[in-house]
Structures are given as structure tokens and as C-alpha cells.
Amino acid sequence: PVTNSATVSSPTTDPNPADNTDTDTIDVVHDADLLIVKAHSGPVRIGDLLSFSLAVANAGPTQATGVTVSDPLPAGLTYVSASGTGWTCAEAAATVTCDLAAPVAPGASPPPITVVVTVEVAAYPSVDNVATVGSATPDSHPADNTSTDTVAVPALVDLTIAKSHQGAPQVGQS
């Protein structure tokens, strides 16, 4: 809380000086505008490893504490690993969660998180991977706390053919 006082005075005599000062106390609230951008690069095929980059930033005006990123993996993407300098990452029930040890100052971005997955058949023809950032500090602009990366997964087939015959062929017979 912050208390602000104001006093008024005049060269003219005031018969009631007790009301010449007023005080107002306000509660100052921390507000950090966190945002996240999730992306991958390059073409993807079924069976490939795919790396996502999750970049977090704090637009301020105050520092963000207790920053957490959540990345529930959709069907078709199987968890391999997750890491980032300063982040502690774990996976449970196909959801990757990463916690940042240090606060994020206004205008700053911590190192990105890399989430590696295997692309499975269920990802065809495309899959949306969504990540969300949050913190213990209130965020009055939650619209940019979520990022979706749509991954196009082309069809992949491995066709083979084998032809054989039975018996010895003879002229004039089928």
C-alpha cells in the first residue's frame, strides 16, 4: 500500500484547520504482461524428431515471478525431451511443464525452451500444438499468454509389390 497526503493552507485565517489535510491509501498491484511465441522450422515427416522453440517475454511494467510454461502435447506428438537454460522441465501425462527459477524483468526475455517430440501417424494431416505462459504476478493482458503452432504433416507411404508365378510356363497355356 502507498499513502499519499495533501495539505492546503492560506494566509487567510481558517476557523477549522483540522480538515486542511487529507490522506488516501491505495494498494499498488504488480502487473506483468507475459507473452509466448511457439514455433518450429523446416518440413516434417511421420517418424521424424521435431523441435519446437518456446520464447517467453515480459512486456512489463513490473517483473514476473514464478513463471511457468505449459505445453500439452496433442495426439500425434510423442514427448522426447524439454530443456532451456534456467528452466526446470518435466513431462507428465503428455503435458510438458517448465518452471523458471529467476524472475523476468520488464522488457526482458529468458532463454527459450526447446521441446523435442516424435511425429506419429496420428499427426497427419496436421496438428496444432499450443503452449501457455503464466506466473504468480497478475497479468492484465492474457490474450498473448497462449501461442499455437500448426504443423503440416504430409502423408507418408512405403509401397511395395511382389510378383510370383507357380509352375513352369508352357507355350499356349495360361
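Colleague: In which strand is Ile26 found?

Modeller: In this predicted model, Ile26 is found in strand β2, which covers residues 21-26.

Colleague: Why is Ile26 called partly exposed, rather than buried or exposed?

Modeller: The relative accessible area of Ile26 is 45%, and since buried means under 20% and exposed means over 50%, with partly exposed in between, Ile26 is therefore called partly exposed.

Colleague: What makes Ile26 part of a nonpolar patch on the surface?

Modeller: A patch takes residues with over 30% relative accessible area, and its nonpolar side chains are joined within 5 Å; Ile26, at 45%, passes the first of these cut-offs, and together with Val2 and Val28 it forms a patch with about 260 Å² of accessible area.

Colleague: Why is Thr118 called buried?

Modeller: Thr118, which is found in strand β9, has a relative accessible area of 19%, and because the cut-off for buried is under 20%, Thr118 counts as buried.

Colleague: Which residues is Thr118 in contact with, leaving aside its neighbours within four places in sequence?

Modeller: They are Gly47, Asp48 and Leu49, together with Gly76, Leu77, Thr78 and Val80, where contact means heavy atoms within 4.5 Å.

Colleague: Which residues touch the most other members of the largest nonpolar core?

Modeller: That core has 30 residues, and those touching the most other members are Phe52, Leu54, Val56, Val67, Val69, Trp87 and Val115. At least two residues of this core come from each of β3 (32-39), β4 (49-61), β6 (77-83), β8 (95-100), β9 (113-119) and β10 (126-134).

Colleague: What does Trp87 touch, not counting residues up to four places away in sequence?

Modeller: Trp87 touches Val56, Val67 and Val69, as well as Cys98, Asp99 and Leu100, and also the run of Pro110, Pro111, Pro112 and Ile113.

Colleague: How many helices and strands does the protein chain have, and what share of its residues counts as buried?

Modeller: The protein chain has zero helices and 11 strands, and 28% of its 174 residues count as buried. Among its contacts with a separation of 6 or more, 71% are accounted for by residues 24 or more positions apart.

Definitions and conventions:
Residues are numbered from 1 along each chain as its sequence is written. This is a predicted model: local features need pLDDT of at least 70, side-chain atom pairs count only at pLDDT 80 or more; totals for chains, interfaces and linings use all residues. Side-chain values use heavy atoms; hydrogens and water are left out. Helices (H or I, at least four residues) and strands (E, at least two) are DSSP runs, numbered from the N terminus. Buried means under 20% relative accessible area, exposed over 50%, partly exposed in between (1.4 Å probe, protein chains only). Patches are made of residues with over 30% relative accessible area and no salt bridge: like charges are joined within 9 Å, nonpolar side chains (Val, Leu, Ile, Met, Phe, Trp, Tyr) within 5 Å. Accessible areas come from the Shrake-Rupley method with a 1.4 Å probe; for residues, only the protein chains shown count as cover. A salt bridge is a side-chain nitrogen of Lys or Arg within 4 Å of a carboxyl oxygen of Asp or Glu. A nonpolar core is a set of buried Ala, Val, Leu, Ile, Met, Phe, Trp, Tyr and Cys residues joined through side-chain atoms within 4.5 Å.
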